[in-house]
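Keep the viewer open and follow along.

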Amino acid sequence: MSMNRVVITGVGAVSPFGLGADKMYENLCKDNNAVVNLRSIWEKHVSDLECWVGAPVAEPLNEKEIPRKYRKLMGRTAFLAFFAVREALENARVPEELLSSGNVGVSYGSSTGSIDSMTDFFMEIFRTNECHQLSSGIFFQVMSHTAAANIAHIFGVTGRVVSPNAACASALQSIGVGYEYVKYGMIDMMICGGVEELHAYTSTSFDIVQGTSTKFNERPQQTPRPFDRDRDGTVCGEGAGCLIIESEASAKRRGAKILAEIIGFDTSASGEHMSHSHAESIARCMRSALRNANVKPSDVDYINAHATATVLGDMHEAEAIAEIFGEHKIPVSSMKGHIGHTLGASGALELVASTYMMRDEQIIPTRNLENPDEAAQALNLVSDLKPTKLDVIMKNSFAFGGINTALLIRRYKS
Amino acid sequence: MSDEQILKGITRILVDEFEIEEDIINPEATLYDELELDSLDGVDLIVMLENEFNFKVDRKQDEGTIRQMRTIQHIIEFIKQKIA
């Protein structure tokens, strides 16, 4: 079995700042925050939430750009994914005929299918006790692989189509799976990423387990606060990220511009708890990804942390980072203070931002981090937009279910 | 109800719900080729026709007829039979 070098040749993003990877990056660099109070919308669905803030995509989507024969099968989850994927394919200059060659696949995840469509589905059944009036397209909007399947359908992809759905690790796990397929020569190119649609019911899931930020409903721009001693939970966000990854040979054959190389990945479970993060297993996953990439901790120039601003989650990630990288004082930051926790999209959006940081040789600091808490004080937390030569970046994502993921990218050198 | 009245109701559904250009809708138009509907559209169209013309499809009894419908005229005939 051949072992390929795997490169990123295109990126796309729909973030809480709107459509486009450039727009997301510009706003991150300006230290903007996309969190708003959504009480007037959410309380129609759930009246007793503690957290009323979220980070929805601020720009309307023009779904009518998509022909009806595809659109009828898509809910908001698939719409968000479509716009990110289209941008990434254009960015990578992937020709249409290549998509249906059988040498291109899709690995694209989300926490669930469209919650908005799911709500319509159940509301109709609960209201009438009948299913007769439901649209035939609704199941395709609701199914867990709605994003991956609709992407393949619209773009005519005929290679392998998989949908690793692992809540907040969905995107990074999807990218990692795509990376492994290409690395081991199973396919030339994968359209990878993740998506999350924001709904009151999304935030409800985190509210129930006391994982949401509740003290900043009237000051939304000050939350979430990764690694800060006053952090009080996460803020759910919305978006979709996409990376086109392919073998170095495929990229060279097409004359594609290479943005970065993926050099290592691991995903593993804590085997401990469904909702608690676990420092020891996070460290194990990061170590394994480093081994897979064949790099030492001291080779890593920056860690883009998962850090969602939950009390325990940030502490466990900080402990794991300190254990592995402590003596090398590797710079660390989180994007959650800007765009909230975009859940199934977060790994892709933050990896897209990381490729931009590598390009521009600068690290975007953690927004809303004023006073690092005790566990985080051992880390080299970046506090200002910092010019730094970035050759190797580690990206972490963790999820309910005890799922950990870590992926490494490197500046491409032929 | 006349054929023209039924065609008018069908046309409204095809234009409003299926985004089909009105000028290609006529009794001879074929559903799957000319109007580019698919089997899922067929399922939704039947429900919309039931609501528009106030009839109920009996899945067991009508399945064969529905499956054989190829043109708008076939739909018109089916509706006439159901609302008779």
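## Helices 4 and 8 of chain A

Helix 4 of chain A and helix 8 of chain A lie oblique to each other. That comes from a predicted model, as does everything below. The axes of helix 4 (residues 76-91) and helix 8 (residues 146-155) of chain A come within 9 Å and cross at roughly 50 degrees, and the crossing is right-handed.

To see who meets whom, pick out Thr77(A), Ala78(A), Ala81(A), Phe82(A), Val85(A) and Leu89(A) on helix 4 of chain A; on helix 8 of chain A they meet Thr146(A), Ala147(A), Asn150(A), Ile151(A), Ile154(A) and Phe155(A).

## Helices 12 and 13 of chain A

Next up is another pair, helix 12 (residues 279-293) and helix 13 (residues 311-325) of chain A, whose axes come within 8 Å and cross at roughly 50 degrees. These two helices of chain A are therefore oblique to each other, and helix 12 of chain A passes helix 13 of chain A in a right-handed crossing.

From helix 12 of chain A, the contact uses Ala279(A), Ile282(A), Ala283(A), Met286(A) and Arg287(A); from helix 13 of chain A, it uses His316(A), Glu317(A), Glu319(A), Ala320(A), Glu323(A) and Ile324(A). This contact of helix 12 with helix 13 of chain A divides into six nonpolar, one polar and four charged residues.

How far apart are the end C-alpha atoms of helix 15 of chain A? They are 21 Å apart, and at 1.5 Å a residue the 15 residues of this helix (residues 346-360) should span 21 Å, so the two values agree. Helix 15 of chain A is also largely enclosed by the rest of the structure, because 13 of its 15 residues are buried. Just after helix 15 of chain A, Glu361(A) takes a positive phi of about 55 degrees.

The axis of helix 15 of chain A comes within 5 Å of that of helix 9 of chain A, and the two cross at roughly 70 degrees. That makes helix 9 of chain A roughly perpendicular to helix 15 of chain A. Where they touch, Ala171(A), Leu172(A) and Ile175(A) of helix 9 meet Ser346(A), Gly347(A), Ala348(A) and Leu351(A) of helix 15. By class, the contact of helix 9 with helix 15 of chain A has five nonpolar, two polar and no charged residues.

## Two buried residues

Ile244(A) sits in strand 8 (residues 239-247) of chain A. Is Ile244(A) buried or exposed? With 28 other C-beta atoms within 10 Å, Ile244(A) is buried. Leaving out residues up to four places away in sequence, Ile244(A) touches Ile8(A), Thr9(A), Gly10(A), Ala88(A), Leu89(A), Ala92(A), Val94(A), Met189(A) and Ile191(A). For one of these, Ile191(A), the C-alpha to C-alpha separation from Ile244(A) is 4.9 Å, although the two are 53 residues apart in sequence.

Met118(A), in helix 6 (residues 115-128) of chain A, counts as buried with 20 C-beta neighbours inside 10 Å. Beyond residues up to four places away in sequence, Met118(A) touches Gly113(A) and Val142(A). The C-alpha atoms of Met118(A) and Arg160(A) are separated by 26 Å, and these residues are 42 apart along the chain.

Most residues other than glycine have a negative phi, and most peptide bonds are trans. Ala167(A) has a positive phi of about 45 degrees although it is not a glycine. Look for Ala167(A) in the loop between strand 6 (161-162) and helix 9 (170-183) of chain A; Ala167(A) is buried, with 20 other C-beta atoms within 10 Å.

In chain B, Glu36(B) is not a glycine either, yet has a positive phi of about 55 degrees. Glu36(B) lies in the loop between helix 1 (3-16) and helix 2 (39-53) of chain B and counts as partly exposed, with 15 C-beta neighbours inside 10 Å. Back in chain A, a cis peptide bond joins Thr223(A) and Pro224(A), with omega about -5 degrees. Pro224(A) falls in the loop between helix 10 (200-208) and strand 8 of chain A.

## Where the chains touch

The contact between the chains takes six residues from chain A and five residues from chain B. On the chain A side, the residues touching chain B comprise no nonpolar, five polar and one charged.

Key:
Residues numbered from 1 in each chain as written. Chains lettered and ligands numbered in written order. Predicted model: local features only at pLDDT ≥ 70, side-chain atom pairs only at ≥ 80, totals over all residues. Axes fitted to C-alpha atoms, helices over the stretch in contact; angles between N-to-C directions. Helix = DSSP H or I, 4+ residues; strand = E, 2+ residues; numbered from the N terminus. Parallel < 35°, antiparallel > 145°, perpendicular 65-115°, else oblique. Left-handed = near helix turned anticlockwise from the far one by under 90°. Contact = placed C-beta atoms within 7 Å. Nonpolar A, V, L, I, M, F, W, Y, C, P; charged D, E, K, R; others polar. Expected span 1.5 Å × (residues − 1). Buried ≥ 20, exposed ≤ 12 C-beta atoms within 10 Å, placed from the backbone.
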